[in-house]
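Trainee: I would like to learn how to read a sheet and a core in a model. Could we go through one together, slowly?

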Amino acid sequence: PGCTKTRPVRHIAMELFTAAEVARHNKPDDLWVILDSKVYDITNWHILHPGGSSLLLKYAGRDATAASHDAHGLLKKPISIMPRYFIGLVGSEEEVRAAEDRKVRKLLEEAKARKVLEAQQEIYAAEHAPKLKSPATSASASQLSLATPATPATLGGRSPPATPVTPAIQTGRTPATPVPTPATPGTP
C-alpha cells in the first residue's frame, strides 16, 4: 500500500566512463550529460527538449544532476524518457581501468575458447572426412578426355573429328552419340 514498484532498466552494454571522458562529448552533434552518476548520450534528443536545446547544451559534457532536479522535481516524464539514452555510469580512473582490464580478460578468454573449438572442429572433420578417390581412379580416361576440348595439340597432332562429341554431363546423351553440327555455307 502506497509503495510503487520500479522495473529494472535493462541495458545492452554497460560501460564505465570517467568524468573527463564525458567532458569530451560537449558539442551539439556529440552531447553527453551526467545525471545521478549515470551517463546519457542525448545527441539525438536535446533538440526535442521542451525547455530548449540551449539549456542542455549549457550542461554538455558535465554533471546536470542539480539543474535537472531543480527543473523537473519529481515529474515522471523525464524519468520515463531518460532510460533510452543511458549509456553507462561515471567511475573513477581506477574503476574504469579495472573495468577495462576485466573486459580485456573476458575477450581473451572468449578468443581462446573459440580457438579451442575451431581446433576441435578441424580434428573432428579430419577424422570423419570421407576418403576421396583421385580423379584418375574415379573417372575413366574417356570421360576425362571428353571434358578437354579436342584440338590438334590435345590429339597428338591429329585433327579433331568432323562431328564433335559433347560430354554426356552437359547434354544427357551418352558420349558415343554425336551431336550434329550445322552445315557451313558452301560445303556439301
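Trainee: Which residue in strand 5 does valine 39 stand opposite?

Mentor: This is a predicted model, in which local features need pLDDT of at least 70 and side-chain atom pairs count only at pLDDT 80 or more, while totals for chains, interfaces and linings use all residues. Residues are numbered from 1 along each chain as its sequence is written, and side-chain values use heavy atoms, with hydrogens and water left out. Strands of a sheet pair through backbone hydrogen bonds, either parallel or antiparallel. Here, valine 39 stands opposite glycine 88 in strand 5, and tyrosine 40 has phenylalanine 86 of strand 5 as its bridge partner. Strand 4 (residues 38-41) and strand 5 (residues 86-90) pair in the antiparallel sense over three bridges; strands are DSSP runs of E with at least two residues, helices are runs of H or I with at least four, and both are numbered from the N terminus. Two strands count as paired if DSSP finds at least two bridges between them.

Trainee: In what order do the strands of the open sheet lie?

Mentor: The open sheet has five strands in the order 1-5-4-3-2, with mixed pairing. Strand 1 (15-17) and strand 2 (26-27) are the edge strands, each pairing on one side only. Strand 3 pairs with strand 4 in the antiparallel sense over four bridges, and valine 33 stands opposite tyrosine 40 in strand 4. The hairpin of these two strands has two residues between them, and aspartate 36 takes a positive phi near 50° there.

Trainee: Which residues touch the most other members of the largest nonpolar core?

Mentor: In soluble globular proteins, nonpolar side chains tend to be buried together. A nonpolar core is a set of buried Ala, Val, Leu, Ile, Met, Phe, Trp, Tyr and Cys residues joined through side-chain atoms within 4.5 Å. The largest one has 14 residues, of which Val33, Leu35, Tyr40, Ile42, Trp45, Met82 and Tyr85 touch the most other members. Strand 3 (residues 30-35) gives the most to this core, with three residues.

Trainee: Why does threonine 65 count as buried?

Mentor: Buried means under 20% relative accessible area, exposed over 50%, and partly exposed in between, with a 1.4 Å probe and protein chains only. Threonine 65 counts as buried because its relative accessibility is 16%, and this residue lies in helix 3 (residues 65-72). Leaving out residues up to four places away in sequence, threonine 65 touches Ile34, Leu35 and Asp36, where contact means heavy atoms within 4.5 Å.
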